[in-house]
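Welcome, and thanks for taking a look at this one. Please have the sequence and the model open side by side as you read the notes below.

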Amino acid sequence: MLTVISCPECGVPAEITDRFSLTSTDGPVDCVALSCVAGHHFRMPSDLLPMDSQDQLQAREPVPARPSSAR
Ligand SMILES: [Zn+2]
């Protein structure tokens, strides 16, 4: 699935090309590789992305069904 976020460097659309985990002393860190249309390439922990970009990544994850108060 294609995910496009804003480039953290220049703000143009950037495509997530890879997601992977790096093992750190604190445990696995979720990382992303992205390349923007201006030619920037980044590999960085996903939690360093801007919050709205993180939201877009989270949106790809299956969302557990929330108990609804409406019956
Ligand atoms: Zn860029």
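**Leucine 34 and its surroundings**

Once its neighbours within four places in sequence are set aside, leucine 34 is in contact with Ile5, Ala14, Glu15, Ile16, Thr17 and Phe42. The model you are viewing is a predicted one.

**More on leucine 34**

- Is leucine 34 buried or exposed? Leucine 34 counts as buried because 24 other C-beta atoms lie within 10 Å, and the cut-off for a buried residue is 20 or more.
- Arginine 19 and leucine 34 are separated by 15 residues in sequence, and their C-alpha atoms are 8.9 Å apart in space.

**The nonpolar core**

- Which residues make up the largest nonpolar core? Its 8 residues are Ile5, Cys7, Ala14, Ile16, Val32, Leu34, Cys36 and Leu49.
- Two elements, strand 2 (13-24) and strand 3 (27-36), each give two or more residues to this core.
- Strand 3 supplies the largest share of the core, with 3 residues.
- Isoleucine 16 touches Thr3, Ile5, Val32 and Leu34, if residues up to four places away in sequence are not counted.
- As a general point to keep in mind while looking at these strands, side chains in a regular strand alternate between the two faces of the sheet.

**The sheet as a whole**

- The protein contains 1 helix and 4 strands, and along the sequence these follow the pattern β-β-β-β-α.
- In what order do the 4 strands lie in the sheet? They form an open sheet in the order 1-2-3-4, with antiparallel pairing.
- Strand 1 and strand 4 (41-45) stand at the edges with a single partner strand each, so one side of each has no neighbour in the sheet.
- On average, neighbouring strands of this sheet are turned by 45° against each other, direction ignored.

**Strand 1 with strand 2**

- Strand 1 (residues 4-6) pairs with strand 2 in the antiparallel sense, over 3 bridges.
- Within this pairing, isoleucine 5 stands opposite alanine 14 in strand 2; both residues are listed in the largest nonpolar core.
- The hairpin of strand 1 and strand 2 has 6 residues between the strands, and glycine 11 there takes a positive phi near 85°.

**Strand 2 with strand 3**

- How many bridges join strand 2 to strand 3? There are 10 bridges, and the two strands run antiparallel.
- The hairpin formed by strand 2 and strand 3 has 2 residues between them.

**Strand 3 with strand 4**

- Strand 3 and strand 4 run antiparallel and are joined by 5 bridges.
- Facing pairs here include serine 35 opposite histidine 41 in strand 4, and alanine 33 opposite arginine 43 in strand 4.
- Which glycine in the turn between strand 3 and strand 4 has a positive phi? Glycine 39 has a positive phi of about 100°, in a hairpin with 4 residues between the strands.

**The protein overall**

- Buried residues account for 13% of the 71 residues in the protein.
- Of the contacts between residues at least 6 apart in sequence, 34% join residues at least 24 apart.

Methods: Residues are numbered from 1 along each chain as its sequence is written. This is a predicted model: local features need pLDDT of at least 70, side-chain atom pairs count only at pLDDT 80 or more; totals for chains, interfaces and linings use all residues. A nonpolar core is a set of buried Ala, Val, Leu, Ile, Met, Phe, Trp, Tyr and Cys residues joined through C-beta atoms within 7 Å. A residue is buried if 20 or more other C-beta atoms lie within 10 Å of its own, exposed if 12 or fewer, and partly exposed in between; C-beta atoms are placed from the backbone. Two residues are in contact if their C-beta atoms, placed from the backbone, lie within 7 Å. Two strands pair if DSSP finds at least two bridges between them. Axes are lines fitted to C-alpha atoms, for helices over the stretch in contact, and angles run from 0 to 180 degrees between N-to-C directions.
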